[in-house]
Amino acid sequence: MPSKSDPILIIGGGLGGLTTALALAQRGRASRVFEGAPEFGAIGYGIQFGPNVFHVLDRIGVTGAVMAKADCPPAVLMRDALTGDELARIPTGASFRARFGHPYLIVHRIDLHNALLDACRRVPAIELVPDAMVTGFEQGADGIAVGTADGRSFTGPALVAADGIRSLVRAQLIDDGEPRPVGYVAHRTIVPMSALKADVHRHEVVLWGGPGFHIVHYPLRHGTLFNIVAVFRTATHGERGDVESYRAELQHTYRDAHPAMHELLAMMDLDRRWQVGDRDPVRHWSKGRVVLLGDAAHPPLQSLAQGACMAIEDGLCLAELIHATHGDYAAAFRRFEAARILRTSRVQLESRALWDFYHAEGIARDVRNEAVAAWDEDHMARCLAWLYDGFRIPVGPAGG
Ligand SMILES: Cc1cc2nc3c(=O)[nH]c(=O)nc-3n(C[C@H](O)[C@H](O)[C@H](O)COP(=O)(O)OP(=O)(O)OC[C@H]3O[C@@H](n4cnc5c(N)ncnc54)[C@H](O)[C@@H]3O)c2cc1C
């Protein structure tokens with residue numbers, strides 16, 4: 001049976017799994033991270049982070065590496081997708097940094113992932129196991145055994161499942177079926193900034209909200225790349241089509257959109273489509289020596305741009321609690337749920353509310369636009385404070 005010093009098993013080499021491994025290593029705990037893909041790596045699109053992510057990046061020692069590749073936009077804007085009017089502006093420059101202590105961040109996922117991976121590779125206590133698709137686990141009185149698709153098996157004192165929104169471990173632990181589709185799909189594209197001809201903001205994060213559709217765009221890699229995400233409602237959200245059928249859907253859905261959006265859509269790579277979905281919050285996501293983390297536990301819609309942030313916060317919180325409970329994993333995991341449930345559930349629920357807000361139609365859109373016109377910087381900072389001020393790590397460095 002595994003002893004306390006044996007590596008903790010982590011399924012999933014995404015942002016949540018790697019953060020957990022690094023945070024555990026800082027507390028002297030070894031881990032073994034299984035990734036189902038042939039190599040550890042990220043899908044190659046942009047990602048945004050609120051200032052709350054820095055509370056974790058600082059603690060696991062990767063802020064410098066991330067900031068070398070990332071950018072801090074001067075503002076986050078919302079525009080009306082039909083008229084192009086600017087509805088809301090959150091300045092994310094000096095006043096934002098002064099208020100939240102950290103900047104807003106935009107970064108290529110690959111760059112962030114590599115910063116975490118490089119840090120993991122420098123730590124002997126972290127074993128990265130690529131090409132290891134976990135197919136099941138068994139929990140005994142003293143430990144956990146997991147099996148992989150190619151017939152290998154591993155044991156450890158505890159299992160952290162950071163295996164994403166379609167988590168295999170969640171299916172075994174909670175068994176609440178597939179994620180909840182919201183009837184929308186997403187297409188993502190990165191183009192060279194030099195190819196961008198549309199008259200759009202090039203430095204800011206911009207969300208164009210329209211009836212049943214939106215577009216988000218922002219620059220990456222110090223202004224050399226431009227990231228575009230197009231999201232819209234379609235009856236075919238659960239089906240696989242081809243580029244031509246996707247193109248026809250886009251043209252129909254965005255027919256009334258502002259001309260600049262059409263120029264952005266013309267640049268979209270339509271090879272790949274993501275079905276958008278989330279899950280309802282649940283009170284418990286652990287059992288004995290097994291715990292879910294990140295999207296496996298509480299996947300939100302992407303409207304607050306906080307899913308990865310929550311996975312990263314989870315990683316540090318969990319590692320601190322494992323450290324504090326001296327190997328009583330069941331106790332650590334219960335405390336982890338208690339520490340995280342309100343914050344992560346609020347992200348899930350507010351993301352749903354924001355989803356409707358972005359996509360408002362008819363009178364609801366008029367009401368939204370009128371209400372937002374009265375919001376000033378101070379109001380928006382107060383609305384976001386619960387999120388951007390970060391979370392209280394239940395046990396600090398001196399508490400364990
Ligand atoms: C269009 C879009 C835009 C988004 N934008 C943002 C944003 O701007 N900011 C933000 O904070 N969040 C954003 N998110 C959400 C964010 O992508 C997720 O919340 C985040 O990736 C969750 O991280 P994770 O580590 O929990 O899971 P994942 O990133 O899903 O990682 C899971 C890992 O586990 C591996 N895996 C799965 N099953 C197994 C198995 N059985 N065995 C071994 N390995 C396995 C997978 O290959 C993967 O590497 C966005 C999401 C979408 C769809």
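**From surface to sheet**

Tutor: This is a predicted model. The protein exposes about 16400 Å², and carbon and sulfur atoms supply 52% of that area.

Student: What share of the 400 residues is buried?
Tutor: A residue counts as buried when its relative accessible area is under 20%. Here, buried residues make up 56% of the 400 in the protein.

Student: How does the radius of gyration relate to that of a compact globule?
Tutor: The idea is to compare the value with a rule based on the number of residues. For 400 residues, a compact globule would have a radius of gyration near 21 Å, and the protein agrees because its value is 21 Å. Along the principal axes, the C-alpha trace spans about 65 × 45 × 40 Å.

Student: And what about contacts along the chain?
Tutor: Take the contacts with a separation of 6 or more: residues 24 or more positions apart account for 75% of them.

Student: How many helices and strands are there?
Tutor: The secondary structure comes to 12 helices and 18 strands.

Student: Which order do the strands take in the open sheet of 3?
Tutor: The order is β8-β9-β10, and the pairing is antiparallel. At the edges lie β8 (134–139) and β10 (153–156), each pairing on one side only. From one strand to the next, the twist averages 20 degrees.

Student: How many bridges join β8 and β9?
Tutor: β8 pairs with β9 (residues 144–148) over 5 bridges, in the antiparallel sense. To find the place in the model, look for Glu138, which stands opposite Ala145 in β9.

Technical notes
Residues numbered from 1 in each chain as written. Predicted model: local features only at pLDDT ≥ 70, side-chain atom pairs only at ≥ 80, totals over all residues. Heavy atoms only, no water. Pairing = 2+ DSSP bridges. Helix = DSSP H or I, 4+ residues; strand = E, 2+ residues; numbered from the N terminus. Axes fitted to C-alpha atoms, helices over the stretch in contact; angles between N-to-C directions. Rg over C-alpha atoms; globule rule 2.2 N^0.38 Å. Buried < 20%, exposed > 50% of the residue type's maximum accessible area, 1.4 Å probe, protein only. Contact = heavy atoms within 4.5 Å. Areas by Shrake-Rupley, 256 points an atom, 1.4 Å probe, with all protein chains shown as cover.
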